[in-house]
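Please work through the exercises below with the sequence and the model open beside you. Each task is followed by a solution that goes step by step.

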Amino acid sequence: MHIPYFMNKQVIFGLRRCPTLFGLLVLLVLNACSDSADKNQPQPVVHALPGEVYLTPDSPKKAYVKTRALTLTRPPLLEPLAGKIAYNDSATSRISSPVTGRVLTNPLPLGSQVQAGTTLLELHSPEVADAQADYTKAQAQLTLADRAFRRQQELYQGKVVSRKELEQAEDDLSQARSEVQRAQNRLKNLQLASGQNNARFALRSPINGVVVERNVNPGQEVGPGLDKPLFVISDIQRLTVVMDVFEVNLAKIKPDQQLKISVPAYPGESFPATVEYVGQVLNETTRSVQVRCALPNPDGRLLPGMYATIDVESPPDAQAIVVPLTAVFTEDDSDYVFVAVDENHYRQRPVKMGLRLKDRAVVTEGLQAGEQLVTEGALVLRAEEDVNDANP
């Protein structure tokens, strides 16, 4: 045993006078010599088989390798489709004035909740005045015609007038009744009361909903010939997603199919939608068909005009393994991944891919649920494999 230079005979002689301290010093020296001998001995080397990689527990490369247990999920059927959120036509009404007139009251403001029959604005309209006057005139003519017919009946019974004169009076009465009915129908069409005679017209909402558009101001002259509707009323809790599906993918879209919608306003969230209508006409320019989907919007967060991304998933009973593309690398027209055998042992495996999306892909062969897939760091392991092959 080599004794350090500073331990001369005098020091050793002094320490021997204190047996306990001397024993501790000898033990420390022996341990130091043993550690030095262990470090000089070569560490065991693990020889990797082709396609396998071993990393030492303290390898810095392990920081770049991440794994995840594989599970079966519903695979996508198509690349995400682009669409746009729009009003639901079945729950939307674009309202214009059926008569010409000047706005008398303040039109209902944007965002107002309305029920069917709610007055949106009132007009003073010469057309309404004419309709009311026609009804009053028709009623007066009916009264006169009825009196004339009764008088002719009495005269005919007294054999004072001929049968022809009685029939003429009866025909005049029938025409007067028809004229009253026509004038009354006109008032009903304008939703005016028969006894009303003030030239005022109330524009009312035909449905329940919210005022989402308004194109009228107080005092404005309006009529049926305007380019834009005065009001747009819509139930924004029921929206529609409109998307174009290419001809080659049309067989994968069916009515009542469930979809997932995402919008930039709410990243990470998805909203359910249902295919409601598949177009029956192909756009020859784009080779696509328009598809409309019902989109519930109970909390009102989604808005018409928003752009949407539509994910088309497989049926609920379809299951497959979907992996991130960061786990896949390609060599010689074949796809490979790494699976973790244990904490430091990785094995390369060929796989077959189905649908390949922007950031993920469906694996059809080569992986099983429950295996630990290397989701990040596959290229690091591939480079390490090359190093091992170059230094067997």
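A residue counts as buried under 20% relative accessible area, as exposed over 50%, and as partly exposed in between, with a 1.4 Å probe and protein chains only. The model is predicted, so that local features need pLDDT of at least 70 and side-chain atom pairs count only at pLDDT 80 or more, while totals for chains, interfaces and linings use all residues. Residues are numbered from 1 along each chain as its sequence is written, and side-chain values use heavy atoms, with hydrogens and water left out.

**Exercise 1. Loop residues**

Solution: Begin with R287, which is found in the loop between β14 (271-278) and β15 (288-296); strands here are DSSP runs of E with at least two residues, helices are runs of H or I with at least four, and both are numbered from the N terminus.

**Exercise 2. Two helices**

Task: Determine how the axes of α3 and α4 are arranged.

Solution: First locate the helices, α3 at residues 126-157 and α4 at residues 163-189, whose axes come within 8 Å and cross at roughly 160°. The axes are lines fitted to C-alpha atoms over the stretch in contact, and angles run from 0 to 180 degrees between N-to-C directions. Angles under 35 degrees count as roughly parallel, over 145 as roughly antiparallel, 65 to 115 as roughly perpendicular and the rest as oblique; α3 and α4 are therefore roughly antiparallel to each other.

**Exercise 3. A sheet and its edges**

Task: Which strands stand at the edges of the open sheet of 4 strands?

Solution: Write down the order, β8-β7-β5-β10, with antiparallel pairing; two strands pair if DSSP finds at least two bridges between them. β8 (200-204) and β10 (221-222) each have a single partner strand and stand at the edges, so one side of each is left without a neighbour in the sheet. Then examine β5 (residues 101-103), which pairs with β10 in the antiparallel sense over 2 bridges, R102 having E221 in β10 as its bridge partner.

**Exercise 4. Aromatic rings**

Task: Describe the geometry of the pair Y266 and F271, and then that of F329 and F338.

Solution: Rings of Phe, Tyr and Trp (its six-membered ring) pair if their centres lie within 6.5 Å, and planes under 30 degrees apart count as stacked, over 60 as edge-to-face and the rest as tilted. The whole structure holds 3 aromatic pairs. For Y266 and F271 the centres are 6.1 Å apart and the planes stand at 65°, so this pair is edge-to-face. F271 has 10% relative accessibility and therefore counts as buried. F329 and F338, in contrast, are stacked, at 5.6 Å centre to centre with 25° between the planes. Both F329 and F338 are buried, and together with Y336 they form one aromatic cluster.
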